[in-house]
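Here is a short briefing to read beside the sequence and the model.

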Amino acid sequence: MAIKILWADDEIDLLKPHILFLQGKGYDLTTVNSGLDAVDEVQKKRFDVIFLDENMPGLSGLETLSRIKEAMNDVPVVMITKSEEEYIMEEAIGSKIADYLIKPVNPNQILLTIKKIVDNKRLISEKTAQGYQQDFRNISMAFMDDLDFEAWKGMYRKLVYWDLELRASKDSGMDEVLNTQKAEANHNWSDFVRKNYLNFVNNRDPKAPMMSHELMRRKILPHVDGETPVVFLLIDNLRFDQWKVIQPVLSEYFTVEEEDLYMSILPTTTQYCRNSIFSGLLPSEIEKRFPKMWSNDEDEGGKNNFEEDFLADQLNRTRKGTKFSYTKITNLDGGKSLVDQIPNMLNFDLSVIVYNFVDALSHARTDVSLMRELSEDEAAYRSVTLSWFEHSPLLEALKRISDKKVKLIISTDHGSVRVKDPIKIVGDKNTNTNLRYKQGKNLSYDRKEVFEIKNPAEGFLPRLHVSSAYVFAEEQGFFAYPNNYNYYVKYYRDTFQHGGISMEEMMIPIVSLKGKG
């Protein structure tokens, strides 16, 4: 379908060569010689772009622009003017023109402007798809290599980059190709974890990645120098792609000094990962050191009630004398009060803020039908996260931090993955309810479908019973019991879960920022 253009100029007859040139390029042009006629045309039909002379008798260009925007707010308008006076440009730009040109204009200027406005999205989409097609083979070839964690980080960064780029260009034609490649990547990542995880947690591999229990010691505490306050913000359940969509919002206030990925421990849940972060210990070590504070899966009540105590203990072991504060935000009122607490936090060497929104979002998406509709896939899930962040008290608190001489570090405890493939499992009544990992005795499952740690001690996991074992769903799998199997499969399929093995759950961001204020 031809692009429809409206051109309003009181000397439109003198522009006949321009009109013929554009018509020869396939554009559908409507011409008028007054502002009132332009407004009439806009009310009759829809245009893709409007060229508007600023200096017309009767209704001026700026007055015409105002009326056009009232009738059709989203149509791109290009102002053409003989004058370069600043106030005219300011008024036009303030009225949200798409571009402006200074007379005399030539046909090629007009053509380039049309392409920039109308064809911009199409050209970007085509270029993005072409770029991914070129990189597709490189990514696929890399899967044939024996990748270490550093190589996996690069691989995952690429996949997230192309996911965001293709979504931004709205090129749905490549979505299926990318989703297939992401599934292949997660399959290979699961093989990597199966092969290496126990070596990593037992320090048997010199190339072992930084993991949850090492995060404070290796990435947070080295910045605590007693001079510049450090604020460590842990946003629960924040995937790397979610970080990348909120990063542009923060870039107005902060400069990213370092962005990295680290590997969470298993299970990828708050109970295990976050307690390990703050204690500096693996789960079985926490249980041994704090038998009254560690809660096992079968225990009732909260599983993260002693994070501040764990943090204090780690600081006493590694950084005696560090003055710290700990704040956990679990609701909107807590978020609002956080804004007022920021000045007081600057009196501490280290201030830790745990913000629980994203984890609540993933659970709400499972339980609330409206949230299922609002976040039906990864792109929608990211969009809801971005919308929350832009309007959250957390952003207001971070703005306050940006004005101070503070080191801000943002990270998370684990991510989540959209599950699709049910895995049948049978366990007794004490088996935990998590959909991505199961821990218990006498578990029955197909060993080919899971990663199992039959000896919990080797994985530094608590052993509840003599015959206890841990099994983890991989890729996009989730556990379902044979009883009411079809109901639970339908209910949980396409929800975001965590606890198992996937790139999205296990490769998670750690970012250092400096305020621009």
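**Helix pair α2 and α3**

G35, L36, A38, V39, V42 and Q43 of helix α2 meet T64, R67, I68 and A71 of helix α3. The model is a predicted one. By class, the residues of this α2–α3 contact are six nonpolar, three polar and one charged.

- Helix α2 covers residues 35-44 and helix α3 covers residues 61-71.
- Their axes lie 9 Å apart, and the packing angle is about 10°.
- Angles under 35 degrees count as roughly parallel, and α2 and α3 are therefore roughly parallel to each other.

**Helix pair α14 and α18**

- Helix α14 (residues 332-345) and helix α18 (residues 393-402) have axes that come within 8 Å.
- The two axes cross at roughly 10°.
- Helices α14 and α18 are therefore roughly parallel to each other.
- On the α14 side, the contact is made by L332, G335, K336, L338, V339, D340 and I342.
- On the α18 side, P393, L394, E396, A397, R400 and I401 take part.
- The residues of the α14–α18 contact split into eight nonpolar, one polar and four charged.

**The six-stranded sheet**

- Six strands make an open sheet with mixed pairing, in the order β7-β19-β10-β6-β9-β8.
- Strands β7 (254-263) and β8 (324-329) are the edges, and each pairs on one side only.
- From one strand to the next, the twist averages 15°.
- Helix α7 (residues 149-169) packs on this sheet and touches β7 and β19 (507-515).
- The direction of α7 makes about 120° with that of β7.
- Strands β6 (residues 230-235) and β10 (residues 407-411) run parallel and are joined by five bridges.
- L233 stands opposite I410 of β10.

- Strand β16 spans residues 469-473 and is mostly covered, with five of its five residues buried.
- Both faces of β16 are covered. A469, V471 and A473 are buried on one side, and Y470 and F472 on the other.
- Strand β13 pairs with β16 in the antiparallel sense over four bridges.
- Within that part of the model, K438 stands opposite V471 of β16.
- Strand β15 (residues 450-453) also pairs with β16 in the antiparallel sense, over four bridges.
- F451 stands opposite F472 of β16.

**Q439 in β13**

- Q439 sits in strand β13 (residues 437-440).
- Is Q439 buried or exposed? Buried means under 20% relative accessible area; Q439 has 1% relative accessibility and therefore counts as buried.

**The nonpolar core**

- The largest nonpolar core holds 99 residues.
- Which residues have the most contacts inside this core? They are W189, Y197, F232, F278 and L350.
- Helix α8 (residues 175-201) gives the largest share of this core, nine residues.
- Y197 touches M211, M263, I265, L266, F451 and I453, leaving out residues up to four places away in sequence.
- F472, in turn, is buried.

Conventions. Residues are numbered from 1 along each chain as its sequence is written. This is a predicted model: local features need pLDDT of at least 70, side-chain atom pairs count only at pLDDT 80 or more; totals for chains, interfaces and linings use all residues. Side-chain values use heavy atoms; hydrogens and water are left out. Two strands pair if DSSP finds at least two bridges between them. Helices (H or I, at least four residues) and strands (E, at least two) are DSSP runs, numbered from the N terminus. Axes are lines fitted to C-alpha atoms, for helices over the stretch in contact, and angles run from 0 to 180 degrees between N-to-C directions. Contact means heavy atoms within 4.5 Å. A nonpolar core is a set of buried Ala, Val, Leu, Ile, Met, Phe, Trp, Tyr and Cys residues joined through side-chain atoms within 4.5 Å. Buried means under 20% relative accessible area, exposed over 50%, partly exposed in between (1.4 Å probe, protein chains only). Angles under 35 degrees count as roughly parallel, over 145 as roughly antiparallel, 65 to 115 as roughly perpendicular and the rest as oblique. Ala, Val, Leu, Ile, Met, Phe, Trp, Tyr, Cys and Pro count as nonpolar, Asp, Glu, Lys and Arg as charged, and the others, Gly among them, as polar.
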